[in-house]
Number of protein chains: 4
Amino acid sequence: MKQNIAILCSGGDVSGMNPALKRFVEYSLQNNLTPYFVYDGYEGLIDNNIQKASYCDVSGIINRGGTKIGSARSKRFMQVEYRNIAKQNLDALHVTMLIVLGGDGSFRGLHQFYKEHNIKFCGVPSTIDNDISGTDYCLGVDTALNMIKFSIDSIRDTASSFKRAFVIETMGNKCGYLALVSHLTSGSELCLIPETAYNLNEYEQKFKQEIQNGRRYFIAVVAEGIKEDSKEIARWFEEKIGIESRVNVLGHLQRGGNPTVKDRLMAYKFITYAIDALLDNKNETIVCYTKEGFRYKEINAVVNTPYQLDEELIKFINSPKATE
Amino acid sequence: MKQNIAILCSGGDVSGMNPALKRFVEYSLQNNLTPYFVYDGYEGLIDNNIQKASYCDVSGIINRGGTKIGSARSKRFMQVEYRNIAKQNLDALHVTMLIVLGGDGSFRGLHQFYKEHNIKFCGVPSTIDNDISGTDYCLGVDTALNMIKFSIDSIRDTASSFKRAFVIETMGNKCGYLALVSHLTSGSELCLIPETAYNLNEYEQKFKQEIQNGRRYFIAVVAEGIKEDSKEIARWFEEKIGIESRVNVLGHLQRGGNPTVKDRLMAYKFITYAIDALLDNKNETIVCYTKEGFRYKEINAVVNTPYQLDEELIKFINSPKATE
Amino acid sequence: MKQNIAILCSGGDVSGMNPALKRFVEYSLQNNLTPYFVYDGYEGLIDNNIQKASYCDVSGIINRGGTKIGSARSKRFMQVEYRNIAKQNLDALHVTMLIVLGGDGSFRGLHQFYKEHNIKFCGVPSTIDNDISGTDYCLGVDTALNMIKFSIDSIRDTASSFKRAFVIETMGNKCGYLALVSHLTSGSELCLIPETAYNLNEYEQKFKQEIQNGRRYFIAVVAEGIKEDSKEIARWFEEKIGIESRVNVLGHLQRGGNPTVKDRLMAYKFITYAIDALLDNKNETIVCYTKEGFRYKEINAVVNTPYQLDEELIKFINSPKATE
Amino acid sequence: MKQNIAILCSGGDVSGMNPALKRFVEYSLQNNLTPYFVYDGYEGLIDNNIQKASYCDVSGIINRGGTKIGSARSKRFMQVEYRNIAKQNLDALHVTMLIVLGGDGSFRGLHQFYKEHNIKFCGVPSTIDNDISGTDYCLGVDTALNMIKFSIDSIRDTASSFKRAFVIETMGNKCGYLALVSHLTSGSELCLIPETAYNLNEYEQKFKQEIQNGRRYFIAVVAEGIKEDSKEIARWFEEKIGIESRVNVLGHLQRGGNPTVKDRLMAYKFITYAIDALLDNKNETIVCYTKEGFRYKEINAVVNTPYQLDEELIKFINSPKATE
């Protein structure tokens, strides 16, 4: 008998979800599964906003950011009575397998759902923050990084023309991954992230010296989750370094954009591995991308371990004395 | 005898200045003039930061935002003693013609300089705000508009995925041109600019109705110079329309970026007309782009007339009742 | 009584058609007209592939190249019996007004259709070649130019790294507009177009001299319609100038891409003027963009006048002796 | 005593070389080494085109494709007498360490140079073909893939508007990596690469069926090294599938473009590992990126092993019967 499989997006949307939906429909059909879309995350599961999907639904979406089926955060799904309704909705459609694209918050809800109702699921780590334990890569990160790159490249044009310091704030409340990689790949002069302590005083001498040597501008990349507000960093440039400064909070620009090749390819592979797992009777796993390749990990191992930023990357941050 | 000609950028930099510099060097040499670059605006004139320019200096810059020779605002140039120094510096290099890329503030300084020292000059309107009287187009506007377009396209991805209102703030302190054109070309739902009064209450009924009809998101494009802060507009969406909302201040992203074809072509033509004017002994003009083509205008007519936003464009703004 | 209005795209698609469709639906509804889409050009008119259109149909298309309703060339529409069928199909749906986005070939068919059946129509010039007489601008040109710019910028990277000449072939069978503007705005060294005679020998001396002065690469922009094949131009660089060379035929890359702000705004205005004309009982016009703004022209004046490339632009082409 | 270190680019240039040069200068200075640039590959080594490099030389290049110091293929370096000259030039400048960015052809020359003159070197795999044995990633590949993506996205706009088949030819004479990944990430319908046999007849039935089911266009991605010419594939679409078709040879567009974040980060890491190796007295290695991270490999192991395309990727190619 033909089996039914559903997919949903939960939490913040990322660029790469649409290519994942496309692969989901195609690979399901190749494997004789009937694919369903759940709209607006767990909310759609509860409200029975679930539709059979076909090739037509995924035509022309591979190059679009966001997610065609919507994403949402769901408080109701935290409550057992709504999870029971969700289960009834899936049962009514004979859906026995579920793929969830989301972050660790979304996976925790899923874990509870599994324990109560034993629905087979597979999670695909999806968040631009790249802060999920157990996987080296989360869907959407590469596109977000390239959007930030585009922004910094543009801002540098005007910074260098006008003798200014720019404080560019990236997303990342608890994780400095985006800020750190953007720093290394934009040639910025300063990087501040939540994971590492910093003392601006240590940069003062160096930056003043560089101005005397002819430097015309500074770019600082800071994660939103650092202890100080970006405006304070800008004020520091004005008061201590003596250069006019501006703040640019990139905001949701980072979430959008045509998915990069890497995010399209990762979407393709994540979904392929997720469906393979479900067909192979792995009931409760997260597909992780590790140095050894794709690996299936138990949901507990993923959601109950704090994320650690890559030590090698942290080591690369310019120390205040680096160029002396 | 070979004559010397200089160019400088003043005020906020715009994308298109580099292609203008390239054309300046090439067309000067074709006309047997020796081209000079003045660095950092009028400041460079005062500090004698003036260099002879060659083909090599403009190789590989046509696709770069900002300006290779720097731009600046100069308080010193407001004072007669510094203008005298500036004149001495130009005299020492036998520079008799000057091209200035800038806005009306920059042209006012130039006007004073001319009255005192009789140096032949030609101004090229350059500001992303497009708010200079007498010209329909200022260098840099098209690139700025396309940077805004890129940003809104990206933000729409996430807005439509997540049921949100986004308030996107463009530059334009006194002029709503960028916001208005961006509104018309991004399909946004709301546009607020300094030139027209608005009453948010009038939109309330319409927007609530649209949500009931299935609308998932709103994009509002607002100029920085409107009476309310963008955050207040976002709060209005949350409180009155009942939709989660975010603010995105695009900031200096709008100034940068690879110049568009239009800005490169306008740079080419502006500079060609400017040099032609100087060779033709027009001593004190601004090159304006009008419906009749390029026209030379007297500096007085440009700097002493308030800018008027195109009436046809204003007419296009969605009225609250437009779709009822 | 509510009137019905239809739109179709004919001939080669251009980027800007989708924003035009969006404005068509919205402005029709604002004017109490019922909008219809005709799919695949005149073919859809004959095959009765005509559908009522709503806001939903144009949601999320403003940033997409091509045309959602398809375009086609139709041989059948040349024949009277098929035009009769087309008329019957329109009559059955009570469609009394027709907007056609296309080039002069498409307008000629329309003219015949009008003479036989008296259907009110308005044409919107749409072709990346920019070769329609009577209008200074055709929808799609600005996006095509920016796609070419992007390509040349990228190719220059490798040309300058590797000491090579690149012959870049743009579209333009009879019209050199794309090649010429791309030449002026990319800083290329050579431009060959069908409208002007050229003699490569005249460049030989100059180019050899430039190599001796340190030039590392050449970019030649040539229109597809010049008398020689692009490969012959490349061979000339190898044999006469002594530099390795490559040909790059940009092809249909030029037709696609996210519409620029200019093409979105022109689409908005073209459609607004077209619907205004039909509502104003102008029965048989083409909306043209001229130095005086938008003007309605008789179809005869447009299709029976040969296109002339802007004289001012031709004047700008680098003559072989320009920099001597 | 301060040691001198040089870098050169050899063979086809790739996007990512400029960020590598920037990191080279910065990390050399941080490690108390004096950095030198060799211009135009081994040719510059022979012609003594070698210059000391400073921070200024790498300012503003991180976002530029190609290589600032030029690249070249050198026949002379195949001959012992020219290698001797090269060594004398390096000796005269007391350069004792050499980093080479290039492909396996470039590494073979280097190997010979080492055997004769014992100069310490480190190779960094750099080629958009991604066909160097021993490393999973070569610098430049990600940018090339994203340029191809951009092109296919644009061409799809027009393909879907006009009912056409497009045969898109990527680089890759012996290696289908670019074509294969582009196929998977663009949702194209057909992929032909040198590594796998194909029989177009097997697709005929499937494609005809898809047209009957409403498919409007086909995109085929083919590597330049397949047995047939791209034009023959286009003819097959016209004759056997009955759909108008076009060929688009992407050519050197693939080599250029602003480096992606991945290529900037890989450049950063490759150079860091390369300098670390030289400082650590590894005399003759290639820095390879493998599943286990960065590894130093003997040059013999790299240049004498044929490259194998990733089996997992090959497995993903749509078989003709995949969707039945």
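Tutor: Begin with A:Arg216 and B:Asp40, whose side chains meet in a salt bridge at 2.7 Å, N to O. Keep in mind that this is a predicted model. Side chains of opposite charge can pair when their charged atoms come close. Between chain A and chain B the count is four salt bridges. On the side of chain A that touches chain B, the elements giving two or more residues are β4 (71-72), α5 (141-162) and β10 (245-249) of chain A. Of these, α5(A) gives the most, with nine residues. By residue class, this side of chain A divides into nine nonpolar, 16 polar and nine charged.

Now the extent. Contact involves 34 residues of chain A and 34 residues of chain B. The size of an interface is often given as the accessible area lost when the parts come together. Here chain A and chain B bury about 2500 Å² between them. Carbon and sulfur atoms account for 53% of that area. Three residues stand out on chain A: A:Phe162, A:His252 and A:Leu253 supply 25% of the area that chain A buries against chain B, more than any other three residues.

A:Lys163 has a relative accessible area of 44%, so the residue is partly exposed. B:Asn32 sits in the loop between α1 (17-30) and β2 (33-38) of chain B.

Next, charged pairs away from that opening bridge. Over all chains, the structure holds 72 salt bridges. In chain A, A:Asp91 and A:Lys87 meet through their side chains at 2.9 Å, N to O. The two are four residues apart in helix α3 (residues 80-92) of chain A, so about one helical turn separates them. Their surroundings can be read from accessibility. A:Asp91 is partly exposed because its relative accessible area is 39%. A:Lys87 has 17%, so it is buried. Chain A also holds a network of salt bridges, which links A:Glu189, A:Lys206, A:Glu210 and A:Arg215.

C:Glu43 forms a salt bridge with C:Arg76, with 3.0 Å between the closest N and O atoms. This pair links distant parts of the chain, 33 residues apart: C:Glu43 is in helix α2 (residues 41-46) of chain C, and C:Arg76 is in the loop between β4 (71-72) and α3 (80-92) of chain C. C:Arg76 counts as partly exposed because its relative accessibility is 23%. In the other pair, C:Arg246 bridges to C:Glu244, the closest N and O atoms being 3.2 Å apart. C:Arg246 has 29% relative accessibility, so it counts as partly exposed. C:Glu244 is partly exposed too, because its relative accessible area is 35%.

Stay in chain C for a helix. Helix α7 (residues 201-212) has 12 residues and spans 18 Å from first C-alpha to last, close to the 16 Å expected at 1.5 Å a residue. Its buried residues are C:Tyr203, C:Glu204, C:Lys206, C:Phe207 and C:Glu210. Among the elements covering them are β8 (190-192), β9 (218-223) and α8 (230-241) of chain C. After α7(C) comes C:Gly214, with a positive phi near 115°.

One last site brings in chain D. D:Ser186 lies in helix α6 (residues 177-186) of chain D. D:Ser186 counts as buried because its relative accessibility is 4%. Its side chain reaches the backbone oxygen of D:Ser182 at 2.7 Å. Leaving out residues up to four places away in sequence, D:Ser186 touches A:Ile62, A:Arg264, D:Ile152, D:Arg156 and D:Val221.

Key
Residues are numbered from 1 along each chain as its sequence is written. Chains are lettered from A and ligands numbered from 1 in the order in which they are written. This is a predicted model: local features need pLDDT of at least 70, side-chain atom pairs count only at pLDDT 80 or more; totals for chains, interfaces and linings use all residues. Side-chain values use heavy atoms; hydrogens and water are left out. Contact means heavy atoms within 4.5 Å. Buried area is the accessible area (1.4 Å probe) that two parts lose on being put together, summed over both. Ala, Val, Leu, Ile, Met, Phe, Trp, Tyr, Cys and Pro count as nonpolar, Asp, Glu, Lys and Arg as charged, and the others, Gly among them, as polar. The expected span of a helix is 1.5 Å times one less than its number of residues. Buried means under 20% relative accessible area, exposed over 50%, partly exposed in between (1.4 Å probe, protein chains only). A polar contact is a pair of N or O atoms within 3.5 Å; within protein, one must be able to donate a hydrogen and the other to accept it, and residues adjacent in sequence count only if both atoms are side-chain atoms.
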